[in-house]
Amino acid sequence: MASDNGRGRVVVTGMGIISPLGNTVDEMWRRAVAGESGITELTAIDPTDYPCKVAGQVVDFDPTEWMDRRTARRMARFSQFAIAAGKQALDDAGLDLDTMDRRRAGTVLGNGGGGLPETDAAMRTVLGRGGMRVDPLYLAKMLPNMAAGNLTIQLGLLGHTNTVTTACAAGTQAIGDAAEVIRRGEADVMLAGGSEAGISELGLAAFCAMRALTTGFNDRPAESSRPFDRDRDGFAPSEGAGMLVLESLEHAQARGARPLAEVLGYGVSADAAYLVAPPDGGEGAARAMQSAIDAAGLSIEEVDYISAHATATEVGDIAETKAIRSVFGEHAYRVPVTAFKSQVGHLLGGAGGVETIAAIQTLLTGQIAPTINLEHPDPECDLDYVPVESRSADVRTMLKNSFGFGGQNAVLALQRFDG
């Protein structure tokens, strides 16, 4: 049985999302359980000169639903996503900030690249019209910390604030860090998660040059993200945001809130190996998983489900599989493991926020969304990945894995809140 190890209990009381599968949690989850894909033909930019022509794009997003037009124009898309998802999460939590001490409310937000489209636009201006014609607000839009900054301004959050930029681990690490802020008594409420809107020519060019993106399914975009499949050939770039309201259990109970899940533990590790690839055995990922399990006070047999990082890269999926086997031993073959990136693509710094919300929906609904496109399993990836179709399961306790460039690993241990 998990324990808070005397450090105080932290619960999730609200969730908000902007994603290629939908711009509300209900819509996203309905489509996820149905096994749908949010990967489509890339239309946000012209991909003619690049081998990857698919992406997970957010559609039907109007920032003026969440802020006035002037405010929206003064921030980058990744900040707009964060504010929309953050306000959704606050509404879901039923939290009225006017009734609390705002010095006890803050935010930790994960982001990878800041305003890459704004950088694209600024450089085109420099080269075409001269540097003095650059948008005066370029820096204030582009900086990775501006999503968190804009959240604090829009919501009047006066407490602890931080931006985590640990690449693809950032969203998950932000949630873990925010939980620790609450545990040490610095805040009662934290907004935490990740946001990314990096679909741009610069971003596409960089990842294509690295040969990290899928290229073989341009005529079948919905089939392009294939974690653990023998035909996987890289990830589909994506965008969106996922934000959670975290509270101390005492604060949530005092205001009559309905906890959705509990953050039991959190683990972080470094590979100290390679810049853009994990060590073959996934040793760093294994250390982060074990650290989260230990912090949560769990035994490995108590873990019912794993939401994998699983980017659909050849080396990464195998390394994560080996890491899970090394931590769980024979129990690894009894634990469902899924890859939400098969449905939404890779949101980079926003991935952990969006994928954690999907994982919490599994705790709440007893439904595991599938790893779609897993039609021909890689023999080296031999776990139960819930292929193609969703599954009913009684999931009480789970891990959420996220691993980033630079060998940055972050893992959350979450549990359904049963009182």
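Which residues does arginine 77 touch, not counting residues up to four places away in sequence? Let me start there, after a word on what we have on the screen. This is a predicted model, in which local features need pLDDT of at least 70 and side-chain atom pairs count only at pLDDT 80 or more, while totals for chains, interfaces and linings use all residues. Residues are numbered from 1 along each chain as its sequence is written, and side-chain values use heavy atoms, with hydrogens and water left out.

To the question, then: arginine 77 touches Val58, Phe61, Glu118, Ala197 and Glu239, where contact means heavy atoms within 4.5 Å. Arginine 77 lies in helix 3; helices here are DSSP runs of H or I with at least four residues, strands are runs of E with at least two, and both are numbered from the N terminus. With a relative accessible area of 29%, arginine 77 is partly exposed, a class that falls between buried, under 20% relative accessible area, and exposed, over 50% (1.4 Å probe, protein chains only). Serine 195 is 118 residues from arginine 77 in sequence, and the two are 9.3 Å apart in space, C-alpha to C-alpha.

Staying with helix 3, let us look at how it meets helix 6. The axes of helix 3 and helix 6 come within 9 Å and cross at roughly 45°, the axes being lines fitted to C-alpha atoms, for helices over the stretch in contact, with angles running from 0 to 180 degrees between N-to-C directions. That angle makes helix 3 oblique to helix 6, since angles under 35 degrees count as roughly parallel, over 145 as roughly antiparallel, 65 to 115 as roughly perpendicular and the rest as oblique. On the helix 3 side the contact includes Phe78, Ser79 and Ala82, and on the helix 6 side Met146, Ala147 and Asn150 are among the residues met.

Within helix 6, residues 146–155, the buried residues are Ala147, Ala148, Asn150, Leu151, Thr152 and Leu155. What covers them includes helix 3, strand 4, strand 5, strand 6 and strand 7. Just after helix 6, glycine 156 takes a positive phi of about 70°.

Helix 10 passes helix 11 in a right-handed crossing.

Finally, the aromatic rings. The structure holds four aromatic pairs, and rings of Phe, Tyr and Trp (its six-membered ring) pair if their centres lie within 6.5 Å, with planes under 30 degrees apart counted as stacked, over 60 as edge-to-face and the rest as tilted. Phenylalanine 207 and phenylalanine 235 form an edge-to-face pair, 5.3 Å centre to centre with 75° between the planes. This pair links distant parts of the chain, with phenylalanine 207 in helix 8 and phenylalanine 235 in the loop between helix 8 and strand 7, 28 residues apart. Phenylalanine 207 counts as buried at 17% relative accessibility, and phenylalanine 235 is buried at 6%. Ring pairs link Phe207, Phe235 and Phe405 into a cluster, in which phenylalanine 405 is partly exposed, with a relative accessible area of 32%.

Key. Left-handed = near helix turned anticlockwise from the far one by under 90°.
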